[in-house]
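User: Hi! I'm new to this one and would like a friendly walk through it. Can we look at it together?

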Amino acid sequence: MIRKAEEKDAPRVLELLKEIVKLHHEGRPDIFSGENPKYDIPALLEKFQNPNERIFVSVDDNDFVNGYVMCILEEKDDPFFTQHPYRTLYVDDLCVEKAARGGGIGKALMARAAEEARALGCYNLDLNVWACNEDAIRFYEKIGMQVQRQYMEMIL
């Protein structure tokens, strides 16, 4: 079942965030410490209440959180874009616990995010994915996402 994140979910979401920071550290130890997730409990609770953010969790029959998706509503009113305002729901973070991967939870979370984006009148659902995270790239391609743009770097 996919539902909106609640205050009681914050400790479990934090555990999953720690899995993500380790994954990123393995792929890019030059950038990620592997120690500190990008949010702590107070920041998560703030995100859960922010009207411009949509945080959904996947729970099992015992209401145990086994995945989440964090989305941020972004709106740009720029004449450069064909739509005014240009609205997108940005997937800030997605995680499914390792033991539950491959069972459709990620797909269900992304479907819920897409449903929310449509309800908000967004043009698209977008996200960034690190090139070292090949499993995530394959997953996003499998559910129909495609490359919109690429960030490139030169390490100095």
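**Rings, bridges and a helix**

Analyst: Happy to. Let's start with Phe32, which is buried, with a relative accessible area of 18%. Keep in mind that this is a predicted model.

User: Why does Phe32 count as buried?

Analyst: Because its relative accessible area is 18%, and buried means under 20%.

User: How many aromatic pairs are there?

Analyst: The structure holds three aromatic pairs. One of them joins Phe32 and Trp130 edge-to-face, with 5.1 Å centre to centre and 85° between the planes. This pair links distant parts of the chain, 98 residues apart: Phe32 sits in the loop between α1 and α2, and Trp130 in the loop between β5 and α4.

User: And Trp130, how accessible is that?

Analyst: Trp130 has 34% relative accessibility, so it counts as partly exposed.

User: What about Tyr86 and Tyr123?

Analyst: Their ring centres are 5.7 Å apart and their planes meet at 45°, so that pair is tilted. Here too distant parts of the chain are linked, with Tyr86 in strand β4 and Tyr123 in the loop between α3 and β5, 37 residues apart.

User: Which of those is buried or exposed?

Analyst: Tyr86 is buried, at 12% relative accessibility, whereas Tyr123 is exposed, at 52%.

User: Changing topic: how many salt bridges are there?

Analyst: The count comes to 18 salt bridges. In one of them, Asp63 meets Lys8 at 2.5 Å, N to O. Asp63 lies in the loop between β2 and β3 and Lys8 in the loop between β1 and α1, so this bridge ties together parts 55 residues apart in sequence.

User: Now, what can you tell me about helix α3?

Analyst: Helix α3 covers residues 105-119, 15 residues in total, and reaches 21 Å from its first C-alpha to its last, close to the 21 Å expected. Its buried residues include Leu109, Met110, Ala113 and Ala117.

User: What covers the buried residues of α3?

Analyst: The cover includes the strands β1, β2, β3, β4 and β5, along with helix α4.

User: And which residue with a positive phi follows α3?

Analyst: That is Gly121, with a phi near 75°.

Definitions and conventions
Residues are numbered from 1 along each chain as its sequence is written. This is a predicted model: local features need pLDDT of at least 70, side-chain atom pairs count only at pLDDT 80 or more; totals for chains, interfaces and linings use all residues. Side-chain values use heavy atoms; hydrogens and water are left out. Helices (H or I, at least four residues) and strands (E, at least two) are DSSP runs, numbered from the N terminus. The expected span of a helix is 1.5 Å times one less than its number of residues. Buried means under 20% relative accessible area, exposed over 50%, partly exposed in between (1.4 Å probe, protein chains only). Contact means heavy atoms within 4.5 Å. Rings of Phe, Tyr and Trp (its six-membered ring) pair if their centres lie within 6.5 Å; planes under 30 degrees apart count as stacked, over 60 as edge-to-face and the rest as tilted. A salt bridge is a side-chain nitrogen of Lys or Arg within 4 Å of a carboxyl oxygen of Asp or Glu.
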